[in-house]
Amino acid sequence: MYTFKLFLFIAPLVISSRIDQDYSPVDSISPQPKSRFAMLDDVKILANGLLQLGHGLKDFVHKTKGQINDIFEKLNIFDQSFYDLSLQTNEIKEEEKKLRKTTSKLQVKNEEVKNMSLELNSKLENVLNEKLLLQQKVRHLEEQLTSLIKNQPETQEHPEVTSLKTFVEQQDNNIKDLLQTVEEQYRQLNQQHSQIKEIENQLRRTGFQESTENSLSSKPRAPRTTPSLHLNETKNVQRDGSSWTLIQHRKDGSQNFNETWENYKYGFGRLDGEFWLGLEKIYSIIKQSNYILRIELEDWKDSKHYIEYFFNLGNHETNYKLHLVEITGNIPNALPQNKDLVFSTWDHRAKGHFNCSENYSGGWWWHDVCEENNLNGKYNKPRAKTKPEKRRGICWKSQNGKLYSIKSTKMLIHPADSESSE
């Protein structure tokens, strides 16, 4: 810029001097002619000024070009950041829509449950009132019947007595119908409650709702003396010419499996009867290579079933986390696949998980909800036919809803590099 200004200052002076020389009057011409070398000097000065101007313009162009390139790079970075921010904003909006839909469903379900509860309470009050009225009528009828019997001991049954009996029977039938209606309403209420629990579990899995922490039961438990297994004590059985290590056996209910975390960790029972090998011992075996888990079941009709899985087992720091992938079997699968199942007992559970062992008895692997599949549950004989007792016992509920009550179980492990099939 300085060279350009210098050129603008010199050029007019040179041009004006040349014009003065060309157009001056004849009488003012110097008697001595001016040397041509002075004109060459002016041209050189002008050429030098033009050269410096050219260099200055070239430097200015390069500098301006670099600044423009920097501006374009910054604009590209800004465009990319704006695009990423737009994508994140769209994702947040989608998640917000899903959350609103789920919240709306939950609110609707809650309203339905409230309405069902109010309706059920109203019907229960009506039933109780009718029951009181019927009891009063029955007492009055009994008094009348007693009086009639005393006054007419030898006569045939009075028509009024027959009518009263008929009325009492009708009222009894009405009470039964009302009770059935109440039971149906109660069943529907439980179904609605289960649906709400399922929605809450879905929210908990997606992270939009804090998980509900169930406190450990404060009921005291009497200490038991449980026979523990020796450190290197194992039992092997043969299946199709291959040796399998038996890690669990149930057959007659002689061993209580509602044990503590410490006993499940190191094992308990007798190898010649019912026993649990121990989580720590199982982990020390399977960490050497890949293993297959085989579960053999026998129901109370003496039907035998089996299922095999590829499986991984974590250490005590992961609460012996179990991961299953089904291979083969002749019974429908009942355990969650490709999910992390955490082992818990009544006196130990992983943070953020339900204490299923408190409600279902025995130590077992659970997911985020308590399922009716527990091979270490209470040993129930066939006489235990009620559902609460069944679900606390040894059972296998397939994904199609069929519930198998189990008489005996065996859990076996075998290296995966040796093929094994039923």
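Me: Why is Glu96 called partly exposed?
Reply: Glu96 has a relative accessible area of 35%. Buried means under 20%, exposed means over 50%, and partly exposed lies in between (1.4 Å probe, protein chains only). Glu96 is therefore partly exposed. This is a predicted model, in which local features need pLDDT of at least 70 and side-chain atom pairs count only at pLDDT 80 or more, while totals for chains, interfaces and linings use all residues. Residues are numbered from 1 along each chain as its sequence is written, and side-chain values use heavy atoms, with hydrogens and water left out.

Me: What makes the pair Glu96 and Arg100 a salt bridge?
Reply: A salt bridge is a side-chain nitrogen of Lys or Arg within 4 Å of a carboxyl oxygen of Asp or Glu. The closest N and O atoms of Glu96 and Arg100 are 2.5 Å apart, and the pair forms a salt bridge.

Me: Why are Glu96 and Arg100 separated by about one helical turn?
Reply: Glu96 and Arg100 are separated by about one helical turn because they are four residues apart in helix H2. Helices are DSSP runs (H or I, at least four residues), and strands are DSSP runs too (E, at least two), numbered from the N terminus.

Me: Why does Arg100 count as exposed?
Reply: The relative accessibility of Arg100 is 53%, so Arg100 counts as exposed.

Me: What makes Lys123 and Glu119 a salt bridge?
Reply: The side chains of Lys123 and Glu119 meet at 3.4 Å, N to O, in a salt bridge. Lys123, with a relative accessible area of 25%, is partly exposed, and Glu119, at 35%, is partly exposed.

Me: How do you know that Lys176 and Asp172 meet in a salt bridge?
Reply: Their side chains are 3.6 Å apart, N to O, and this pair is a salt bridge. Lys176 and Asp172 lie four residues apart in helix H3 (residues 159-206), which means about one helical turn between them.

Me: Why is Thr409 called buried?
Reply: Thr409 has a relative accessible area of 1%, so it is buried. Thr409 belongs to strand S12 (residues 403-415).

Me: What makes the pair Thr409 and Gln248 a polar contact?
Reply: A polar contact is a pair of N or O atoms within 3.5 Å; within protein, one must be able to donate a hydrogen and the other to accept it, and residues adjacent in sequence count only if both atoms are side-chain atoms. The side chains of Thr409 and Gln248 make such a polar contact at 2.9 Å.
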